[in-house]
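Please study the model shown below before reading further.

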Amino acid sequence: MSANRVAAAAVIAVAAALFALTFGFEKMPEGLSGGFGAEAFPRLVLGVIAGLAVLLFVPGAQSEPQARIPAVVYYTAGSLLAFMALVPVAGMLGAMFVFLLGLGALWGERRAWLLLVASAAVMAAIWGVFVRGFAIQLPPGFWS
Amino acid sequence: MEAFLGGMALLLDPKILLVVFAGTLLGIVVGALPGISGSTTTALLLPFTITMGPVPAIAFLGAIYCAANFGGSITAILVNSPGDPSASATAFDGYPMALKGEAGRALGMSAVASAIGGIFSVVVLIFAAPLLARMAYSFGPPEYFALAVFGLSMVALSGGDSAVKNLIAGAFGVMLATVGQDITTGVERYTFGVYSFTDGIEFIPVLIGLFALTELLEQAAQLGKRTALAKLGAVRLPSWADVRKCAKAISLSSVLGTFIGVLPALGATTAAMIAYVETKRWSNNKQEFGKGAIEGVAGPEAANNAAVGGAMVPTLALGIPGSTTTAIILAGLLVQGVRPGPHLFTEQPMLLYAVFSSMLLANLLYLALGLGFAKLFARITLIPPQFLWPAVFVLSVIGAYAPNQAMAEVWVAIAFGFIGFFMRRFGFSPAPLVIGLVLGKLVEETLKQSLIIFDLSWGGFLGRPIALTLFGLTALFLLAPWALQRLRARP
């Protein structure tokens with residue numbers, strides 16, 4: 001199946017799921033909703049989306065072959081999730097420092113001293129501007 | 001006139017001067033960095049403008065918007081990799097000029113053409129926006145609904161893989177705006193029990209996710225590409241001969257860029273591409289194009305900066321974004337509690353004229369900075385991605401977290417980073433989604449109000465000539481690309 005058809009199928013599936021969810025919206029008396037309930041507008045838009053997605057199925061719709069996603073993209077995505085998991089443990093500043101070192105290394109930087117210096121400089125700027133300057137309270141870690 | 005002078009006087013405020021200067025400098029720097037566009041930067045810095053107040057916030061974002069388009073040309077000319085998508089057309093002739101050792105000449109022309117285009121469009125903005133706003137005074141909910149639908153339909157033409165995909169992305173943006181309590185009934189929609197979704201999805205984490213984090217993942221896919229910087233001598237003002245050669249290209253592109261900018265959803269990138277084609281069409285040196293024609297630099301640069309002022313016209317006068325970046329600026333105004341539209345011209349004229357004058361100043365500032373420090377800005381493009389992008393992520397996290405100090409917003413940003421990445425992989429541009437998100441509430445509110453006025457009859461729109469004209473234009477713009485394709489396919 002072409003990339004366009006995969007995309008169209010995914011769009012229709014998401015639209016159908018969102019449409020199904022509208023049946024779970026709380027019902028209100030006609031007088032309050034003015035005859036145009038909370039579910040009416042999303043259903044209208046989802047109908048338009050489904051109609052447009054059908055057009056993507058039309059043969060001849062341009063579709064470029066998909067290049068393979070390199071493994072480093074998955075590792076990078078994983079590092080974003082790892083960062084989120086680390087925040088409750090190391091605190092946001094601690095997790096950021098680990099992230100700066102980790103992603104820098106993952107993306108090919110082998111000079112550990114340079115990574116350390118650059119990460120420390122970024123962290124100092126973040127701390128100075130946002131924590132001291134804007135007084136933003138960042139989430140603390142498990143032991144802080 | 002009084003309000004205009006008052007707005008100009010605001011520029012004497014050192015705080016405003018500082019934010020315009022900082023915005024311009026930042027705009028050039030990020031515009032020059034491949035991957036970080038003006039849209040990404042405005043999205044990334046939007047949360048930090050909340051504490052500034054409306055005038056400095058919009059002056060700051062407006063200055064970034066003006067300067068990023070010029071900044072993009074530095075990399076387009078020196079590296080053949082536009083820092084900002086709007087500078088893509090500049091690379092066609094700018095890079096060949098750099099290879100011939102004429103990078104300084106190309107950058108000088110780029111700075112001057114950008115400033116002329118930018119200043120021209122701000123002058124148009126100063127006169128056209130109040131006129132458009134006055135016209136819009138007679139608009140009721142049906143006309144606003146038709147206008148918002150027209151704005152949404154224009155995303156079909158906003159570049160990307162296909163018109164249909166753009167429209168789907170725009171419609172999903174509208175769907176995203178339905179999350180939260182329905183304004184009429186108070187019924188919760190798509191909140192999934194998450195308390196922070198009750199008031200709707202916040203713009204800021206969505207914007208940060210779709211622009212900054214999506215780009216981070218895109219950059220991961222492009223690791224290993226090396227950046228080679230062409231040699232740059234002194235950047236100088238264009239010679240009189242070059243000015244004469246490019247006068248036609250600059251004037252034509254300034255008008256064209258402003259007009260394209262005014263059309264909802266079409267921004268600087270479209271303006272620059274069309275201007276390049278038109279500059280070539282009207283040039284006496286067609287054969288030089290693609291090989292280093294200076295008009296090929298002047299035209300797109302005048303147009304992409306002219307589109308900036310043009311795009312601000314519908315944004316401020318009607319509350320309909322003229323481009324992706326103005327959609328973000330519009331979100332910034334909404335976050336500040338300012339709803340753009342005709343009433344803004346009577347209620348807060350000083351704010352508007354302060355925006356206009358700060359944009360004028362930004363255009364003059366990047367001309368001076370561009371001519372003086374282009375060599376320095378060019379060096380910034382060499383920051384290795386393994387240092388730049390982790391820092392961008394850290395800033396994104398702070399940006400998503402700071403407004404409500406909630407980790408849930410960081411999760412939303414990361415989720416939209418992933419969504420944006422897969423959208424791009426399948427040829428869907430995230431920009432129409434943002435425009436849909438910003439316009440979504442307006443579309444739903446005005447549709448509901450219209451149907452109440454018409455006693456739930458859709459036929460009521462037939463009695464509203466302005467709405468009908470706008471619907472007609474919507475149909476025309478939607479069908480035109482298809483009809484043109486059919487005509488071209490005929491033997």
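The paragraphs that follow describe selected features of this predicted model.

Of the 144 residues in chain A, 35% are buried. Where contacts in chain A join residues at least 6 apart in sequence, 64% of them link residues at least 24 apart.

In chain B, attention may turn to helix α4, which covers residues 54-79. This helix of 26 residues reaches 37 Å from its first C-alpha to its last, close to the 38 Å expected at 1.5 Å a residue. Even so, α4(B) has a kink of about 30 degrees, centred on B:A68. Why is α4(B) described as largely enclosed by the rest of the structure? The reason is that 25 of its 26 residues are buried. After α4(B) comes B:N80, which has a positive phi, near 65 degrees.

Further along chain B, helix α10 (residues 240-262) packs against helix α11 (residues 268-282). The angle between the two helices is about 145 degrees, and their axes are 9 Å apart. The crossing of α10(B) and α11(B) is right-handed. On the side of α10(B), the residues in contact include B:L252, B:L256 and B:I260; on the side of α11(B), they include B:I274, B:A275 and B:W282. The residues of this contact comprise eight nonpolar, four polar and two charged.

Helix α10 of chain B also holds B:T258. Is this residue buried or exposed? Because the relative accessible area of B:T258 is 5%, this residue counts as buried, the cut-off being under 20%. Leaving aside residues up to four places away in sequence, B:T258 touches B:F120, B:S121, B:V124, B:A306, B:A307 and B:G310.

Two loop residues of chain B complete the account. Most residues other than glycine have a negative phi. B:F192, however, has a positive phi, near 50 degrees, and is placed in the loop between β2 (188-189) and α9 (203-221) of chain B. B:F192 counts as exposed because its relative accessibility is 59%. B:L456 likewise has a positive phi, near 65 degrees, and its place is in the loop between α18 (430-453) and α19 (465-489) of chain B. With a relative accessibility of 39%, B:L456 counts as partly exposed.

Technical notes. Residues numbered from 1 in each chain as written. Chains lettered and ligands numbered in written order. Predicted model: local features only at pLDDT ≥ 70, side-chain atom pairs only at ≥ 80, totals over all residues. Heavy atoms only, no water. Helix = DSSP H or I, 4+ residues; strand = E, 2+ residues; numbered from the N terminus. Expected span 1.5 Å × (residues − 1). Bend = angle between axes of the 7 residues up to and from the residue. Buried < 20%, exposed > 50% of the residue type's maximum accessible area, 1.4 Å probe, protein only. Axes fitted to C-alpha atoms, helices over the stretch in contact; angles between N-to-C directions. Left-handed = near helix turned anticlockwise from the far one by under 90°. Contact = heavy atoms within 4.5 Å. Nonpolar A, V, L, I, M, F, W, Y, C, P; charged D, E, K, R; others polar.
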